[in-house]
Amino acid sequence: MAQAKEAAPRKLPGSLETNRRLDRWITINADGTVTVTPGKVEIGQGILTALVQMTAEELDIDVSRIRLVPATTAVSPNEGITSGSRSIQEGGLALRHAAAEARGLLLERAAKKLGVTLEQLTVKDGVVSARSGGSVSYWELATPDLLAREATFDVVAKGHEEHEVVGTSLARVDLPPKVMGKPVYVQDMVLPGMLHGRVARPPGPRARLKSLDAKEVEAMPGVVAVVRDGSFLGVVAEREDQAIRAARRLARSAQWTQGADLPANDPRHLLTLKAETEVISEKGDPATAGARQFTAEYTKPYIAHASLAPSCSVAQWEGGKVRVWTHSQGIFPLRGDMAQALNMPEADIVITHAEGAGCYGHNAADDVTMDAVLLARAVPGKPVRLQWMREDEFGWEPFSSPMVVRLNASLDDKGNIVNWGHELWSHAHSTRPGGKGGVNLLAAWHLEKPVPAAKPGNPPLPGGGSHRNAIPLYDFPNQKVTNNLIRESPLRTSALRALGGFANAFAIEGFMDELAEAAGADPVEYRLRHLKDPRAKAVIEKVAQMAKWKANEKGDGERGRGVAFARYKNLAAYLAVIAEVEVGEVVRVTKLWGAVDVGQAINPDGVLNQIEGGMIQSASMALKERIDFDKTGVTTLNWEDYPILKFGEVPELEVALINRPEAPPVGAGEGTQGPVAAAIANAIYNALGARLRDMPFTRDRIVAALSA
Amino acid sequence: MSFELQVNGKARTVDAEAETPLLYVLRNDLGLAGTRYGCGLGQCGACTVIIDGKAVQSCDLPVSAAVGKNITTVEALGTDQALHPLQQAFIAEQAAQCGYCASGILMSVKALLDVNPDPDDAAIRAALDGNLCRCGTHSRILRAIKRAAKEMRKA
């Protein structure tokens with residue numbers, strides 16, 4: 001066998017693998033600070049605080065010395081997209097190891113300077129001391145060339161037993177200015193001479209501009225430019241309120257082709273469409289029949305991210321180049337798509353991240369950025385700030401796909417599951433910028449020279465998209481899991497928290513409850529008996545203990561409780577949930593208990609905050625949320641059309657973290673969606689005997705289920 | 001048109017059209033960006049300010065309707081040196097994720113505590129009926145408010 005002439009470079013941890021230079025991540029400054037440039041971005045999840053902790057830990061410096069630089073295509077490492085709860089595994093591990101190597105290089109210099117061996121050195125807050133006396137600080141040792149090299153992975157990061165900063169609930173570094181009302185969001189950016197833009201969208205996704213008389217709008221006070229490019233319409237004005245008024249008038253001045261061909265809004269419409277069918281898991285003999293057979297069908301509608309702040313961006317052209325600020329989750333893929341749509345070199349586009357409001361997946365952040373760039377192009381030299389209106393966000397953000405999940409199972413004479421089948425139908429869960437063969441930006445499709453969309457698809461397994469969490473974690477002797485992907489969709493679909501894992505885990509966990517009942521078993525015990533993974537069992541046992549779960553407990557016609565479990569993506573956070581509901585005129589979730597295991601918790605309170613928030617959001621989606629549309633377009637355009645859980649309705653929460661410092665840290669942000677919805681459905685059944693298999697769990701659905 | 005407003009205890013003159021919502025005047029003319037745009041329809045509460053003691057959504061209130069009234073925004077709640085007890089409690093309880101809803105919630109609750117220093121859970125939830133939070137931080141926010149109310153009663 002031929003020997004390789006050169007050893008392949010060693011595989012480096014996390015995003016260090018694709019961004020190997022240490023100075024892309026960390027700069028040690030002479031003034032006693034450390035500049036950190038992560039490629040991952042803050043989207044309301046508190047990630048920056050965890051990254052600060054991981055870096056400070058390895059460098060042995062106080063967290064207050066760290067200065068974070070917003071991610072920018074100009075200098076930051078390309079870490080792809082901040083999504084999938086992967087920021088700790090990718091960005092965190094990269095910084096952990098980059099910092100460990102930086103510390104190693106500093107210690108080498110210190111040893112030389114102090115004339116001692118490495119073993120004699122200790123570090124405290126950046127001051128390196130020799131046992132024999134003498135000390136020198138990082139700030140004296142560091143020169144620009146120190147980190148101008150690739151990582152080697154020769155330095156081992158600290159073991160968990162040495163951690164002092166990691167594993168503590170350091171307060172979020174970004175919260176104080178936010179609760180002080182400081183201008184911290186991209187929505188708050190002000191640049192000298194800044195103008196305001198607004199867009200006027202077509203009445204629906206298929207409609208196109210027929211004609212426009214812009215004279216009236218052009219004559220309105222403050223209007224600087226009316227922008228028309230194909231069916232893309234917008235306006236730039238001196239004042240924001242002027243831009244809003246002008247855009248409304250512009251929409252009324254436009255004549256559109258209607259394109260009124262959207263189907264009825266029913267997830268089961270998916271079953272009528274041509275699908276690409278793929279068996280993604282097959283085990284034993286899926287034709288095995290037990291003593292008793294069961295089937296059930298679960299669905300989920302289109303739902304919205306519905307971020308509290310409509311998307312916003314600021315753009316400025318200068319000499320054929322553009323600078324733009326965005327709350328996109330992926331500034332590099334966005335730059336690539338924008339370059340294609342604008343037919344210009346990537347190098348002439350500089351995109352810098354600025355925070356927006358909470359982001360739960362692919363919302364309109366990328367689209368508004370393209371819009372802002374198009375509007376600003378009409379006024380070279382002038383910065384233009386564009387914030388979408390609420391109806392733009394509801395009407396045009398990419399939604400989470402509707403889904404249908406059909407399950408079948410066979411039980412043996414002891415009630416154990418001997419065969420399991422899971423077949424799902426869904427549109428794509430990933431149409432972010434960065435797709436192949438097209439551009440995933442709304443405005444690009446409306447231009448006079450439109451650039452078609454990339455082919456909608458799914459992230460691959462094991463994480464998966466529509467098939468995320470479709471393969472059960474339960475240990476069944478025979479099983480078959482089938483994914484039916486329907487790429488073309490009436491409304492645009494893309495990633496929303498947990499992707500297909502929301503509907504898949506909801507269906508699996510609802511069906512497990514149905515089977516437990518058929519087997520005459522307690523739903524907690526029934527789950528445990530079908531699981532081998534000790535960490536999975538541990539969260540279920542923990543939550544049962546917290547909620548004082550009683551075997552085979554029954555509801556009383558009004559109140560009831562239900563349990564559910566999932567491991568996010570089958571490889572990240574474990575979460576078990578118990579829901580308590582009270583059913584009167586509507587379903588009220590009165591309490592949710594949760595037990596979570598994310599391996600090593602970098603910031604335990606940060607994990608709890610993510611889980612708690614996800615639980616409430618998931619409860620809201622399960623109880624209330626559904627995007628509606630007619631033949632032309634989306635009709636759910638404001639918070640009255642799309643109610644979410646309010647302060648008067650949110651449940652009490654009790655969440656416990658099973659911290660495993662010895663286990664690799666995994667993402668927490670998306671683990672809640674499926675289990676919470678299922679626990680609520682199971683609780684409703686426990687209370688009333690009404691089995692809800694279609695989200696949302698509205699009054700009409702309960703009445704229908706009771707009479708079924 | 002020119003309007004004279006009382007904002008955070010100071011007289012401020014602004015030029016705007018009469019129907020311009022107060023929100024844009026605060027954010028863009030007076031540089032008080034802590035009041036946020038969320039919906040423009042008075043449905044989400046991100047733009048809540050206190051006007052003559054009452055929590056009011058500023059996104060659908062014409063500037064002309066605010067003349068002669070005392071307007072308080074989140075910027076007047078505390079200073080960098082002395083945070084308001086509500087702000088301290090929000091930090092102590094880590095009662096935010098994205099924080100975009102925080103300004104409006106703080107102002108709704110400030111208006112409540114000004115008239116009812118010891119509100120029960122139901123009264124707090126009722127005062128926040130017009131404020132949405134999408135990240136799901138409600139339970140931490142409720143905890144922070146109770147903590148702040150207690151601190152303020154002690155003071």
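Tutor: Two strands pair if DSSP finds at least two bridges between them, where strands (E, at least two residues) and helices (H or I, at least four residues) are DSSP runs numbered from the N terminus. This is a predicted model, in which local features need pLDDT of at least 70 and side-chain atom pairs count only at pLDDT 80 or more, whereas totals for chains, interfaces and linings use all residues. Residues are numbered from 1 along each chain as its sequence is written, while chains are lettered from A and ligands numbered from 1 in the order in which they are written.

Student: Over how many bridges do S12(A) and S20(A) pair, and in which sense?
Tutor: One bridge to look for joins Val279(A) to its partner Thr482(A) in S20(A). Taken as a whole, strand S12 (residues 276-283) of chain A and S20(A) pair in the antiparallel sense, over 7 bridges.

Student: Which residue in S20(A) is the bridge partner of Gly421(A)?
Tutor: Strand S20 of chain A spans residues 479-485, and strand S19 (residues 417-426) of chain A pairs with S20(A) in the parallel sense over 7 bridges. In S20(A), the residue bridged to Gly421(A) is Lys480(A).

Student: Which residues form the uncovered face of S16(A)?
Tutor: In a regular strand the side chains alternate between the two faces of the sheet. In strand S16 (residues 349-353) of chain A, the covered face holds Ile349(A), Ile351(A) and His353(A), and the uncovered face holds Val350(A) and Thr352(A).

Student: Does Glu57(A) count as buried or exposed?
Tutor: Glu57(A) sits in helix H1 (residues 47-59) of chain A, and, leaving aside neighbours within four places in sequence, its contacts (C-beta atoms, placed from the backbone, within 7 Å) are Lys158(A), His163(A), Glu164(A), Val165(A) and Val166(A). A residue is buried if 20 or more other C-beta atoms lie within 10 Å of its own, exposed if 12 or fewer, and partly exposed in between. Because Glu57(A) has 24 C-beta neighbours inside 10 Å, Glu57(A) counts as buried.

Student: What is the radius of gyration of chain B?
Tutor: Chain B has 5 helices and 5 strands, in the sequence pattern β-β-α-β-β-β-α-α-α-α. The globule rule (2.2 Å times the number of residues to the power 0.38, with the radius taken over C-alpha atoms) gives 15 Å for 155 residues, and chain B is close to this, so chain B is as compact as a globular protein of that length, its radius of gyration being 15 Å.

Student: What percentage of the residues in chain B are buried?
Tutor: The C-alpha atoms of chain B fill a box of roughly 45 × 30 × 25 Å along the principal axes. Of the 155 residues in chain B, the buried share is 57%.

Student: Which element gives the most to the side of chain A that touches chain B?
Tutor: The contact takes 46 residues from chain A and 44 residues from chain B. Elements giving two or more residues to the chain A side include helix H6 (240-253) and helix H13 (604-624) of chain A. With 8 residues, the element that gives the most is H13(A).

Definitions and conventions: Two residues are in contact if their C-beta atoms, placed from the backbone, lie within 7 Å.
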